[in-house]
Every structure is written in structure tokens, then in C-alpha cells.
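My entries follow in the order in which I looked.

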Amino acid sequence: MIKKIVFGLTLIIATACGSNRPVIAYTKSKKKPAKSAVKTVVKTAEPVAETKPQSVNTVESPLDNSTKTANSTEVLAATTRVKVTTAMVLEYIEKYKEIAKKDMIDYGIPASITLGQGILESGAGTGPLSIQANNHFGIKCHKEWNGPSVNYDDDTEQECFRKYSEPNESYRDHSLFLTSRERYSKLFKLEKDDYKSWAQGLKDAGYATDVAYPTKLIGLIERYQLQKYDAEVLGKEYVPTAVSSVENKTSVAEPSSDLHEVIKGDTLYSISKKYNISVEDLKKKNNIPDFGIAIGQKLIVK
């Protein structure tokens, strides 16, 4: 067993009995973490610190003159919850667009969907899981995985997530993941440039539990005009489309001072800690008879 201190976490590397697959577990270190450390939380309600915004030169978005600003930022929330600049998203697109186009040719998944999911799930490559494991799509180990992994808190504590040696492997595995599972088979009967139906189909097939997942994904695709890469692969003429009203719904707003909207990973206990209110008071204010809350539910917290 080997221990290392990384970003305020104790990194424990061990080899499971009877297996040659390395397993990496992250546990809290007694040493207080530095303020600049990235909070290792996956799909939880707790906010992740803004990812290096002061060190990135922001640029105005060329896609929507009505909303662009010199310091425009966006909150991406799926596997991670991080703030990124327009420049960071555009850099991510430039870096991975050819991989997404090739995977569209090889596997039939729209490049716009692959890129959009990569941006959303990895926080444009800045989320903890993508940094530590090169996992850009939040894919868990599942029973068939026999490669390296990292343990990470998600729906339950210390769940197993796949770890890749480089992001390209994550992109390929994302394609294999969708093409090898029966529950996604209906997607491949859709038109290859029908990104809206693909986005909804992913949610319906269980890729994400977030009810707003299709809205967020479609918003990203339209705001950054990712559908043009579908047209390039299909040999069609691309006509830029106006950003629809769904675009304004993709960012995750900070909770108001009086209400909290329940998201995946929330519990009454975590919400009570966030707003410094007891669980009992929280239940009384919202007429909650037990501990059941639902995603999208708005709770009075003041």
C-alpha cells in the first residue's frame, strides 16, 4: 500500500486481492487543503470552486451578440459543477472536434452530441474526474470494466469510475458504451443530425437522471453551433441557426436567498448544512412528513 498527499487528499493505491487492476481511493487528509485545490465532488449539490478563472483570458462569444460579455462565464452541471469561460469552451471544442467527427463516422453518434456531452460532463475538461482520470463522460466502471479506476462520491460514496490514460480513450469508450447497450439502440434509428431527439433519447434511456439534461445539452449545442460538425460529416451545407430560447436555461443559477431547487445528490441534511438550518425546521417549512425530496423541488430555506 502506498500513500501520497495530493491536493489535500490522502491518495491510497492498492492492488485488490486476486486482481492486477490498480484501485485509487481518495480520502480526507488531516492537513487543511490549500484554497486553490479543486473540490472532488461528482454530481453533488455542493458547489465546486471556480476553476482558474483569473488565469484564463476570456473572450467574447462570436455566436450571440445579444448576450456576449468580455468576462462571460457559464456554469456546467452534470458530472461536475464548475464555472468556465467562453474561451475555455471554445478551446475544448477545437481540441476534440476532430475526434468527435471521426467517432460519428465510425459509430454513428452525432459529433454535436459527443462534443456537447463532453463539455457538459467534464466541465470543458476542467472537472475533477476529467483531470484525475481523463474521464470526460462520467462513465462508471460497471461489471464488464477490468481497467484502472478511481473511487469517487456520486450517487453513493466511493463509486467506481473508469480511468483512462488519455482523453482520446474516454471518447472512444463513450462511443462503445452507447453502441454496445440495448437501451440506447433506439437512438441509432434517429437521423444523424437530429441532435434534439438524440439529447432527449439519452435522458429517456437513462444516461442521466437530471430532468433538465436534454435542455442543457441542446443549449450547449446551439450556443456553440456544434451541429455544424454533423453537417461536415454528412456532407451537407450548414446554415447557422439562431440560438433558441432553450439556451437561456442551460446555466445553473445560484440558489436564491429564500429558495433552494433540489438537484441530484441533495439530501435534507446537506441542504440544512448549506443554509444553516436544522433538518426539522426545513421539514416544517416545507411540510415534508418524512425525508423524501424530489429533483426540481423548490424548498423554502429561510
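**Helix crossing and core**

I note here that the model is predicted. I then looked up the geometry of this pair: the axes of α2 and α7 (residues 227-234) come within 7 Å and cross at roughly 145 degrees. On the α2 side I found A111, S112 and L115 making the contact, and on the α7 side Q227, Y229 and D230. Sorted by class, this contact holds three nonpolar, two polar and one charged residues.

I turned next to the largest nonpolar core, which has 41 residues. Within this core, I113 and Y207 touch the most other members. I listed the elements that each give two or more residues to the core: β5 (81-85), α1 (86-107), α2 (111-122), α4 (167-179), α5 (195-204) and α6 (213-223). The largest share, seven residues, comes from α1.

Which residues does I113 contact, leaving aside its neighbours within four places in sequence? I recorded Y195, W198, A199, L202, L217 and I221. I also noted another core lying apart, of ten residues, with L268, I277, V279 and I288 among them.

Just after α5, I recorded a positive phi of about 100 degrees at G206.

Key. Residues numbered from 1 in each chain as written. Predicted model: local features only at pLDDT ≥ 70, side-chain atom pairs only at ≥ 80, totals over all residues. Heavy atoms only, no water. Core = buried A, V, L, I, M, F, W, Y, C linked by side-chain atoms within 4.5 Å. Buried < 20%, exposed > 50% of the residue type's maximum accessible area, 1.4 Å probe, protein only. Helix = DSSP H or I, 4+ residues; strand = E, 2+ residues; numbered from the N terminus. Contact = heavy atoms within 4.5 Å. Axes fitted to C-alpha atoms, helices over the stretch in contact; angles between N-to-C directions. Nonpolar A, V, L, I, M, F, W, Y, C, P; charged D, E, K, R; others polar.
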